[in-house]
Protein chains: 2
Amino acid sequence: MAAPNATTVRDLRRSNRSRALWQVFLSGPLTRQDIGVQAVLSPATVSNLVADLVADGVIIEVGLEDSNGGRPRGLLQVNPEYGYVIGVDVGETAFLVELFDLGLRLRARHVSATDMAVLDPQDAISHVADGIRSVIARSGVAERSILGVGVAVPGLVTRQQEAVVHGQSVGWEAVPVESMLRGLVDLPVLVDNGAKTLGQAEKWFGAARGTDDAIIVLLGMGVGTCVISNGEVYRGATSSAGEWGHTTIMVGGRRCRCGGRGCLEAYVGAAAIAARYAELTGASYTASPASLEGAVAAIIASAPGDQAASEVLDEVVTYLGAGIANLVNLFNPERVVVGGWLGHALGAGLLPRISEAARANALRLPFSGVEIVPAQLGQDAVALGGATLPIAKLLSAGAMTVPVRAERRPAFTIS
Amino acid sequence: MAAPNATTVRDLRRSNRSRALWQVFLSGPLTRQDIGVQAVLSPATVSNLVADLVADGVIIEVGLEDSNGGRPRGLLQVNPEYGYVIGVDVGETAFLVELFDLGLRLRARHVSATDMAVLDPQDAISHVADGIRSVIARSGVAERSILGVGVAVPGLVTRQQEAVVHGQSVGWEAVPVESMLRGLVDLPVLVDNGAKTLGQAEKWFGAARGTDDAIIVLLGMGVGTCVISNGEVYRGATSSAGEWGHTTIMVGGRRCRCGGRGCLEAYVGAAAIAARYAELTGASYTASPASLEGAVAAIIASAPGDQAASEVLDEVVTYLGAGIANLVNLFNPERVVVGGWLGHALGAGLLPRISEAARANALRLPFSGVEIVPAQLGQDAVALGGATLPIAKLLSAGAMTVPVRAERRPAFTIS
DNA sequence: CCGACTTCCTCCATGGCGTGAACTATCCTA
DNA sequence: TAGGATAGTTCACGCCATGGAGGAAGTCGG
């Protein structure tokens, strides 16, 4: 994970520290020997690094492993009290701000119901800042021990210098969330797309754990993915990779809210399901994001007996299967995780059928190496995912206080 | 490019050697200063490394840069005579074997027309081996100075221990090309999918040069891609990523030779174009791979006046645009390169329309950062791409004779 | 032709690093 | 309580990149 391209012996040290630390964080508690094996470091080096890390308070020794005739192995873990992180979920109907320790135990939470439709970006950000101040106060944690804030937002996030959010669904056009928030709270701020943070949470703690090539599919109002490649979130050139919902699955097909035709989301998105059901039953349909979840749940529940409902779901299975097959063909993952509130609702009973539909549409070979599984974390893990952003930064830096030393040149790029 | 995850100071040396060498190879001739800037190394280190590399004969000093009042800068280049590589294109109708020096200058070529349909894998491989022996003999190069053979094959390539080829279009089922060929020629053998080798060639020397996130789209009988991510070929879990031709673009659509329905290839593949034209004109159509290229060229040429032809091409533009848009949404590249023989044929006149169709189907933001350009290398670059495989291996190893030292443990993986 | 100057490159002392081998710590068993 | 086993630490060693000093190789003006 994030091998910090080392060129000097000092970089090497940091790189090794980082490797050891990642291991302990993700699969701790671990013995020194485990670290050596997993991070490919000699016992002497591990001992040396661990001593440093313990001295810095980043990791702590928690108990001993039982021995059978020899000195017992010490168990090492990241020190939960080393620092704290804040994760923010900027949702379309509510803001969720959560403060965690480094063990990802929730220490404080702040929820504010809001309607993004009537909130301009400036107001939204100041609500977020209020939430941040609130969880800090409530948790009683010293502000200087907070490592950073990770903000998950709906919509595309691009980064030239700072993260800028383009939230089509909430009417945000090039909102520089990162710098705006930095002006309100004096903490490191990291911004990323909600699907990507949730995906990272599933990768670290959920159904994508232990996989280096996975795709987390998120179904809800919108339809998105988080692609994990080589153990890291795949971003592409401007960090907007994984936009699956508006890929064309039916040329010239149904109209989509994005203005296009035949987008996947126009067939398997929550709004599409409700609209299609209404169309079949002749019911008058008024889309309201708030009631959508109940409406879709009702359709799924009534499917066994209800002709229209089961027809709608058949269609969802078909299109979703084709869409997942496309992902399998293009990305060749070893696991596809189906999540999002709609994913959970469908997954319970329909996953085998979706899987079968994917098999029918995918190439045999890539499909044979993939497993399709339900997500393990709920929608509330978006904020947790946000909190992973500053943690990833910490771990990749090896939890070293950055030495003040001018970078020689820009980053490493070929031609 | 391939930062060899260093953990010891020796690894560090090799890593830095590798960085310098990659730079010189890809953007040489270069001065020592250039290397320092691009690879982020101090002048002293560059000097040191270069001295080593020159002593090993890997790079050579070629001329001096003009000075204006100071010692002139020496220009460094990879020594073309340091070693030789062989690239093999296992095509469906011919085998092409080419021997290059490290400057990628062609030194010898061997072509053998063959019909894969009537050739079993064992025979095919022995033809390839003959070709390899032939180019070695013809070039007069000492066998021990040959660094390796890179073989580009049609079909999927998976690698557990050794590369195994699954070539649906040529009827190959799990053929262990790597070990078979290794039994016949005493050289390092590397096997990869033809689209990926061509893509790597475009990335190193062609239209994808200088980009870290690109997609090379290959149109011909089949429809495939090579995805470049972070400057390297994206492979996925089992190295079969990028299978674009059989992604569904039209649920329940036209039948495809893969057995599925609505695959992209069934709309924009060469066979589909010819078949569709025949259907519209009522002509009897007999698909023959050999005549296909001419038939499609004729359709394209006659399009301005021919109603049926222009209708067929309109359709191709529409579907291809949607397909490319899907790639842009999912991978967020900064460049899409359109190649393959059909790509060249279409590209000449239709690229603007294809581009426009892609724009119409892609999300605004990712599309705004992408340029769609024609490929610069022809289909014969598949063998050249094969030759890049052993070169990549050489460069990533820093052209160091591998020290015989037991690896401590498996590779670096998280949890 | 010669010195002054400029720029590039190399050499060297220094501080860091990971490593194997020797050594110490800590437990179990008898 | 001694002996054995396993875990962890210390230390000398060899290797590395680096800044600074100094050598190399040109240009330019006289």
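Before we go on, a word on the model: it is predicted, so local features need pLDDT of at least 70 and side-chain atom pairs count only at pLDDT 80 or more, while totals for chains, interfaces and linings use all residues. Residues are numbered from 1 along each chain as its sequence is written, and chains are lettered from A and ligands numbered from 1 in the order in which they are written.

Let's stay with the DNA. At least two residues each come from α2 (32–39) and α3 (43–55) of chain A, and from α1 (9–27) and α3 (43–55) of chain B. Helices are DSSP runs of H or I with at least four residues, strands are E runs of at least two, and both are numbered from the N terminus.

Now turn to where the two protein chains meet. Chain A and chain B each bring 62 residues to the contact, which is counted when C-beta atoms, placed from the backbone, lie within 7 Å. On the chain A side, α10(A) gives the most, with eight residues.

Finally, look at chain A by itself, with its 13 helices and 15 strands. Its radius of gyration, taken over C-alpha atoms, is 23 Å, close to the 22 Å that the globule rule gives for 415 residues, so chain A is as compact as a globular protein of that length. That rule is 2.2 Å times the number of residues to the power 0.38.

Methods:
Two residues are in contact if their C-beta atoms, placed from the backbone, lie within 7 Å.
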